[in-house]
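This report describes selected local features of one protein model.

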Amino acid sequence: TQSTRPQRLLHAVQKNATRGDPRSVVKAIDNFCRQKEWAMNVGDEKGCILDSVVSEVNPVTVLELGTYCGYSTVRIASLLPPRAKIITLEFNPDYAKIARQVIAWAGLEDKIQVVEGPSGEWIPKMKEQFGVKTFDLVFLDHWKDRYLPDTKLLEDCGLLRKGSILLADNVICPGTPDYLEYVRNSPRYKSQYFKSHLEYTKAEDGLEKSVFLG
Ligand SMILES: O=C(NCCCCc1cc2cnccc2s1)c1cc(-c2ccc(F)cc2)cc(O)c1O
Ligand SMILES: [Mg+2]
């Protein structure tokens, strides 16, 4: 039977990256997506912006919405301090299976918990299921029409604290207009746009970084 794109991406990692070396896993995926097949990873250009925000925040508890093949999960986890953890939600079980193998190849499974299911159901259960108090950093990269409702859900569930950072991918392409309007106009957020390009293309895209003011 035909392989899927995530399976081919995983094979490229296993062929070209060194076990236990997260940077070589990131490089192997970027090369695969540039030379062979486009895939919806945050990519190398936006990935550098992601790295700089993670390094600046130095988060202990991270939530990622949208794992896909684990590219940004590996990028983030490779920059976390020793006891820090990242919970990453993925809706598609086939993607989750691939992501776990990419994460294992990078040797980062101890820092990462891949959780399968819809964000709307899991966010209200974060405290009881995972003992989370609040998130220091949330990376939004899932259904673009869920960014706003899930941000409000995170607020209502008390999962954000004064200074929590929301970093959102794809605010231009595919675009998240209602989310942008909210974080840019709400008195509860201080927002900043990082202009970049859609992964592996020349199309405009960018990341929106928003600080929750409490
Ligand atoms: O759709 C995108 N990402 C979301 C898919 C994950 C679905 C999930 C829902 C869900 C619900 N609950 C929990 C976990 C999850 S994961 C996406 C799409 C493009 C793109 C595609 C074509 C194109 F021409 C131009 C851009 C680029 C990107 O960087 C993306 O991230
Ligand atoms: Mg994205």
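Asn 41 is buried, with a relative accessible area of 2%; buried means under 20% relative accessible area, exposed over 50%, and partly exposed in between, using a 1.4 Å probe and protein chains only. The residue lies in the loop between α2 (22–35) and α3 (43–57); helices (H or I, at least four residues) and strands (E, at least two) are DSSP runs, numbered from the N terminus. The side chain of Asn 41 forms a polar contact of 3.4 Å with the side chain of Tyr 200. A polar contact is a pair of N or O atoms within 3.5 Å; within protein, one must be able to donate a hydrogen and the other to accept it, and residues adjacent in sequence count only if both atoms are side-chain atoms.

The model is a predicted one, in which local features need pLDDT of at least 70 and side-chain atom pairs count only at pLDDT 80 or more, while totals for chains, interfaces and linings use all residues. Residues are numbered from 1 along each chain as its sequence is written, chains are lettered from A and ligands numbered from 1 in the order in which they are written, and side-chain values use heavy atoms, with hydrogens and water left out.

Asn 41 also belongs to the lining of the largest cavity, together with Met 40, Val 42, Thr 67, Tyr 68, Cys 69, Gly 70, Tyr 71, Ser 72 and Asp 141. On a 1 Å grid over the protein atoms alone, a cavity is a set of points where a 1.4 Å probe fits but cannot get out, and a pocket is an open set with protein on both sides within 12 Å along at least five of seven lines; lining residues have an atom within 4 Å of a point. The largest cavity holds about 30 Å³ of space, a volume being the space filled by probe spheres set on the points, which are joined across faces, edges and corners. Its lining comprises five nonpolar, four polar and one charged residue; Ala, Val, Leu, Ile, Met, Phe, Trp, Tyr, Cys and Pro count as nonpolar, Asp, Glu, Lys and Arg as charged, and the others, Gly among them, as polar.

## Magnesium site and ligand 1

Asp 141 (OD), Asp 169 (OD) and Asn 170 (OD1) coordinate the magnesium ion (ligand 2) at 2.0 to 2.2 Å. Donors are N, O and S atoms within 2.8 Å of the metal (3.2 Å for Na, K and Ca); water is not among the atoms, so sites may look incomplete. Asp 141 is buried at 14% relative accessible area, and Asn 170 is buried at 3%.

Ligand 1 is surrounded by 19 residues, the closest being Ser 119, Asp 141, Lys 144, Asn 170 and Glu 199; a residue is near a molecule or strand if one of its heavy atoms lies within 4 Å of it. A backbone N or O atom of Ser 119 is 2.9 Å from a nitrogen atom of ligand 1.

The largest pocket has a volume of about 430 Å³. Its lining consists of 23 residues, of which Met 40, Gly 66, Asp 141, His 142 and Trp 143 are the closest to its centre. By class, this lining has twelve nonpolar, six polar and five charged residues.

The second largest pocket has a volume of about 150 Å³. Residues of its lining include Thr 4, Pro 6, Asp 94 and Gln 101, and the largest share, five residues, comes from α5.

## Backbone geometry

Most residues other than glycine have a negative phi, and most peptide bonds are trans. Tyr 68, in the loop between β1 and α4, has a positive phi near 55 degrees and is buried at 10% relative accessible area. Asn 58 has a positive phi near 50 degrees and is partly exposed at 46%. The peptide bond from Cys 173 to Pro 174 is cis, with omega near 5 degrees, and Pro 174 is placed in helix α9.
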